[in-house]
Structures are given as C-alpha cells and as structure tokens.
Amino acid sequence: MQDKAEGANIPNIVLEPIGGRFLMREKMLSVRERMARAAAKNGRSLDEITLVAVSKTVGEAEIRQAASMGVSDFGENRTRDLAFKQQLFPKLKWHMIGRLQTNKVKEILGRCILIHSLDRWNLAEELERRARATNLTVDALLQVNIAGEKQKAGLAPGDVKAFLDSAGQ
C-alpha cells in the first residue's frame with residue numbers, strides 16, 4: 001500500500017494486494033482504518049481516496065469477495081489478465097498498474113479507467129494514436145524514476161516538464 005504517514009499530502013489512489021494468507025475481511029477493515037486515519041491527519045476526506053485492490057495473483061473468488069466488501073477498483077499488471085478479468089467483471093473499474101508495452105495497448109484500450117505507468121514518449125504516442133482511432137480518451141499517470149535507477153522505468157525528474165509540455169500540444 002502506498003503510505004505517506006508523515007507527508008502533508010496523501011495519495012489519491014492506494015494500491016493494496018488482496019488475497020493471500022490474511023483473512024480478507026480483517027485486512028480490508030485494517031486498510032480502511034489506515035486510510036481514514038491518513039485522510040483525517042491530512043485534512044482530506046476519505047471520499048477523495050480510491051482504494052485499488054491489486055488482483056494480479058488472485059482468481060475470481062477473491063475478486064468477487066473483495067467486490068462484495070465494497071471494492072470497486074482493481075489493478076492488474078498484465079494486459080492479458082486485465083482483459084480476461086475485465087470481461088468476467090465488466091462493472092468493476094480496472095487499472096493497468098504494470099509496465100505497458102506499446103504492442104499491448106490495443107489489448108487494454110477501453111478496458112481500464114487509468115494507466116498507472118506512462119513511462120516513455122513512444123507509449124504516449126501509441127496511446128494517443130489508438131485512442132484517436134477508436135474515439136476514446138485515455139487517462140494515465142506519468143511514471144517518474146526519482147531514484148534514477150537504470151533498471152527502473154520512468155522519466156527522469158528533469159524531463160517531466162518538457163514531456164508534459166510536448167504532450168499538451
């Protein structure tokens with residue numbers, strides 16, 4: 001889970017794994033309590049925060065159980081899994097949380113409400129090209145590699161402004 005315990009701002013989106021050896025109901029209560037405390041601490045409303053349950057290692061039963069507890073947003077890191085689960089649960093909101101290859105854009109376009117990993121210009125171009133062709137709008141979060149680690153994806157912090165300026169044209 002993203003957690004900024006000491007920060008002035010808390011994230012709008014919280015990613016939380018589901019399933020595993022924890023009892024999901026207890027885990028969900030714990031997560032929601034932490035979210036409420038973080039929101040209150042930072043002068044925010046809990047309604048401003050979206051919990052995204054990461055469903056990349058779980059099956060239908062766990063997704064169904066989480067949805068029955070009020071979770072409506074789920075994240076997948078593989079395009080094939082996202083497409084499959086979105087077909088099984090079309091009323092849920094799906095997020096692409098993993099690195100997205102340009103040749104996989106067509107598999108998720110129109111299937112997810114947010115791409116969490118816009119990390120390079122050629123991906124932005126492919127998303128734009130396919131979105132225009134299908135008359136869709138694509139929402140994405142820009143991924144920034146603030147640590148500067150070569151093995152990690154994302155734009156360098158110094159490239160963000162130029163990237164956003166170019167994307168706005």
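Trainee: Let's start with Phe74 and Trp94. Are they buried or exposed?
Mentor: Phe74 and Trp94 are both buried. Bear in mind that this is a predicted model.

Trainee: What kind of aromatic pair do Phe74 and Trp94 form?
Mentor: A tilted one. The centres are 5.5 Å apart, and the planes make an angle of 35 degrees.

Trainee: Why both a distance and an angle?
Mentor: Because a pair of aromatic rings is described by the distance of the centres and the angle of the planes.

Trainee: Which strands do Phe74 and Trp94 lie in?
Mentor: Phe74 is in strand S3, residues 73-76, and Trp94 is in strand S4, residues 93-96. So the pair ties together parts that are 20 residues apart in sequence.

Trainee: How many aromatic pairs does a search of the whole structure find?
Mentor: Two. Trp121 and Phe163 also pair, with ring centres 5.1 Å apart. Their planes are at 85 degrees, so this pair is edge-to-face.

Trainee: And where do Trp121 and Phe163 lie?
Mentor: Trp121 is in helix H5, and Phe163 is in helix H6, residues 160-167. That pair ties together parts 42 residues apart in sequence.

Trainee: How accessible is Trp121?
Mentor: Trp121 has 35% relative accessibility, so it counts as partly exposed. Phe163 is buried, at a relative accessible area of 8%.

Trainee: In which sense do S2 and S3 pair?
Mentor: Parallel, over three bridges. Strand S2 is residues 50-54. Val54 has Gly75 in S3 as its bridge partner.

Trainee: How does the chain get from S2 to S3?
Mentor: Through helix H2, residues 60-68. This β-α-β crossover is right-handed.

Trainee: What about S3 and S4, how many bridges there?
Mentor: Four, and again in the parallel sense. Asp73 has Lys93 in S4 as its bridge partner. With helix H3, residues 79-88, S3 and S4 make a right-handed β-α-β unit.

Trainee: Let me zoom out. How many helices and strands does the chain have?
Mentor: Six helices and six strands. From the N terminus, the order is β-α-β-α-β-α-β-α-β-α-β-α. The chain has 169 residues, and 36% of them are buried.

Trainee: Now the largest nonpolar core. Which residues have the most contacts inside it?
Mentor: Phe74, Trp94, Leu100 and Leu127. That core has 31 residues.

Trainee: Which elements give two or more residues to it?
Mentor: H1, S2, H2, S4, helix H4 (105-108), strand S5 (114-118) and H5. H1 gives the largest share, five residues.

Trainee: Tell me about H1, then. How far does it reach?
Mentor: H1 covers residues 24-41, which is 18 residues. From first C-alpha to last, H1 reaches 25 Å, close to the 26 Å expected.

Trainee: Which residues of H1 are buried?
Mentor: Met24, Met28, Val31, Met35 and Ala39. They cover an arc of only 70 degrees around the axis, which puts them on the same side of H1. On the other side, Glu26, Leu29, Arg37, Ala40 and Lys41 are exposed.

Trainee: What follows H1?
Mentor: Gly43, with a positive phi near 65 degrees.

Trainee: Which residue other than glycine has a positive phi?
Mentor: Asn135 is one, with phi near 60 degrees. Asn135 sits in the loop between helix H5 (121-134) and strand S6 (140-142). Its relative accessible area is 70%, so Asn135 is exposed.

Trainee: One last thing. How far apart in space are Glu62 and Met24?
Mentor: 8.5 Å, C-alpha to C-alpha, though they are 38 residues apart in sequence. Glu62 lies in helix H2. At 30% relative accessibility, Glu62 counts as partly exposed.

Methods:
Residues are numbered from 1 along each chain as its sequence is written. This is a predicted model: local features need pLDDT of at least 70, side-chain atom pairs count only at pLDDT 80 or more; totals for chains, interfaces and linings use all residues. Side-chain values use heavy atoms; hydrogens and water are left out. The expected span of a helix is 1.5 Å times one less than its number of residues. Buried means under 20% relative accessible area, exposed over 50%, partly exposed in between (1.4 Å probe, protein chains only). The arc is that of the directions from the helix axis to the C-beta atoms. Rings of Phe, Tyr and Trp (its six-membered ring) pair if their centres lie within 6.5 Å; planes under 30 degrees apart count as stacked, over 60 as edge-to-face and the rest as tilted. Two strands pair if DSSP finds at least two bridges between them. A crossover is right-handed if, with the strands pointing away from the viewer, the path from the first strand over the helix to the second runs clockwise. A nonpolar core is a set of buried Ala, Val, Leu, Ile, Met, Phe, Trp, Tyr and Cys residues joined through side-chain atoms within 4.5 Å.
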